[in-house]
Amino acid sequence: MRKWLFLILFFSSFQGQAKGVQFELNRVELPEAINLIYNHMFTQPFMLSPELADDKRLVSFKITPDIDERAFIKRYFDNMNIRISTRDGVDYIGVVKPTVVVPQQEIFTYTPRYRSVEYLTDVLRTFVDGSFSAAGTGIGSGFSPDQIKPHTASDAFSRSGDLLVFYGTKANIAKIQQVLPQLDTKTREVFVAAYVFEVQTAEHNGSGLALAAKLLNGKVQIATGSLTGSFDNYIRVTGSRIDALYELFRQDSRFHVVSSPRLRVQSGNKAQFSVGSEVPILGGIQIDNNGGKYQSISYKNSGVIFEIQPNVRGDITDLTVSQQLSTFVKTDTGVNDSPTLLKREVSTSVGVRSGDIIVLGGLAETKSSEAETGLTFLPKSWKSSSDEKSKSDILIFLQLDVDQEKAQPLGRLK
């Protein structure tokens, strides 16, 4: 007997298939285990399927005298997808292919009220298995649900319609119906009014933000704060309107309005205000197959570019702001074919309550100028000279108003 076989076999006074048998196998390969079972426990002849003749699965079990050994063996083999069938006194032992029950697939359609088909599809796909499609005005309406494969061109096309179509099981459709009322809600809208000031000050007057704080002190309720840990990054004004602040600052000749954008945008989306021009910029030189040369041209924006992206989170709105003032000048550094872009830019994020006014600063430019006074025919030592430094700050005044209509969930779908 092989070394890896450990067999303990005890019989009661009754032989054959009588109850009261104790039998144990430990890590015996399947064909050898079947042979041992029919030689020492069952008496009838058997036929083994060729598919099982080379089966290397290991068999381990123990039968005690208080159980029906034949029922035990049949149940054990059933768990291994092996069936014992008896015909004319012979046991036929063969492989049983398990029956795979394919859940019935159904089509579920839904017309979004507030959110896009693309948004709903991307969220729903994270927790259900099935195919999403779209119908209606979208270019993806020509795809049937079973043709849509995730992360393919057909998937991208399928999300541009106005009717959500899902093809999947009843269980996944029930999940979608449960979560859709919380997903298809109205998006909060944000109105942002802004004034961008360029502040001209002498160096000894400090920053433009400090000058603005002095003008506001005593007139409105203000609080200074920091976005990065210092105390000169922004001013928060409460209980006032931005147009009232504009009237206050426009009376000061040091404050010059650069732009006054008004933007309405949905929460989570970007909005841009741009006043300026698109300047052609020469690119690299390329050679075609015939040896001809041509130079590519790209266009870049310059002027006043104001961009915002609000995200409403309860009472606080996270607002990302980007303000750029730029212009193109002639290049004098050796690359004379393309102009040079001179720009000043402020980009930051701040938490804002609806109705609050935020004054952002921190972008300054210092210029120095020298002048001599005196008669030209007098000696140089009799003339006087002066050195004057001036600063130019960019201040952004913005007020954010969030619509007060709260997102109402839909009723439960049926």
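Which residue forms a salt bridge with Arg57? The partner is Asp55, and the closest N and O atoms of the two lie 2.8 Å apart. The model is predicted, so local features are reported only at pLDDT of at least 70 and side-chain atom pairs only at pLDDT 80 or more, whereas totals for chains, interfaces and linings use all residues. Residues are numbered from 1 along each chain as its sequence is written, and side-chain values use heavy atoms, with hydrogens and water left out.

## Salt bridges

A salt bridge is here a side-chain nitrogen of Lys or Arg within 4 Å of a carboxyl oxygen of Asp or Glu. Side chains of opposite charge can pair when their charged atoms come close. Twelve salt bridges are found in a search of the whole structure. Three of them are listed below.

| Pair | N to O distance |
|---|---|
| Arg57 and Asp55 | 2.8 Å |
| Arg264 and Glu189 | 3.5 Å |
| Asp356 and Arg236 | 3.6 Å |

Accessibility is classed by relative accessible area: buried means under 20%, exposed over 50%, and partly exposed in between (1.4 Å probe, protein chains only). Arg57 counts as partly exposed because its relative accessibility is 35%, while Asp55, at 12%, counts as buried.

The salt bridge of Arg264 with Glu189 links distant parts of the chain, with Arg264 in strand β14 (residues 262-266) and Glu189 in strand β10 (residues 189-202), 75 residues apart. Helices (H or I, at least four residues) and strands (E, at least two) are DSSP runs, numbered from the N terminus. Arg264 is exposed at 54% relative accessibility, and Glu189 is partly exposed at 27%.

Asp356 and Arg236 also meet through their side chains in a salt bridge. Asp356 belongs to the loop between β18 (340-353) and β19 (357-373) and Arg236 to strand β12 (residues 234-238), so this pair ties together parts that are 120 residues apart in sequence. Asp356 counts as buried because its relative accessibility is 9%.

## The second largest pocket

On a 1 Å grid over the protein atoms alone, a cavity is a set of points where a 1.4 Å probe fits but cannot get out, and a pocket is an open set with protein on both sides within 12 Å along at least five of seven lines; lining residues have an atom within 4 Å of a point. The second largest pocket holds about 180 Å³ of space, a volume being the space filled by probe spheres set on the points, which are joined across faces, edges and corners. Eleven residues line this pocket, and Arg188, Gly314, Asp315, Ser354 and Gln404 lie nearest its centre. Its lining comprises two nonpolar, four polar and five charged residues. In this scheme Ala, Val, Leu, Ile, Met, Phe, Trp, Tyr, Cys and Pro are nonpolar, Asp, Glu, Lys and Arg are charged, and the others, Gly among them, are polar.

Leu282, Ile297 and Tyr299 make up a nonpolar patch on the surface, with about 310 Å² of accessible area together. Patches consist of residues with over 30% relative accessible area and no salt bridge, like charges being joined within 9 Å and nonpolar side chains (Val, Leu, Ile, Met, Phe, Trp, Tyr) within 5 Å. Areas come from the Shrake-Rupley method with a 1.4 Å probe, and for residues only the protein chains shown count as cover. Tyr299 lies in strand β16 (residues 293-313) and is exposed, with a relative accessible area of 55%. Strand β16 also holds Asn301, which is partly exposed at 35%. The C-alpha atoms of Asn301 and Ser274 are 8.5 Å apart in space, and the two residues are 27 apart in sequence.

## Backbone and buried positions

Most residues other than glycine have a negative phi, and most peptide bonds are trans. Arg27, although not a glycine, has a positive phi of about 55°; Arg27 sits in strand β2 (residues 22-29) and is exposed at 53%. Asp88 likewise shows a positive phi, near 55°, in the loop between β5 (82-87) and β6 (90-95), and counts as exposed at 81% relative accessibility. In helix α7 (residues 208-216), the buried residues are Gly208, Leu209, Leu211, Ala212, Ala213 and Leu216.

Ile396, in strand β20 (residues 384-402), is buried, with a relative accessible area of 0%. Ile396 and Val257 are 139 residues apart in sequence, with 10.0 Å between their C-alpha atoms.
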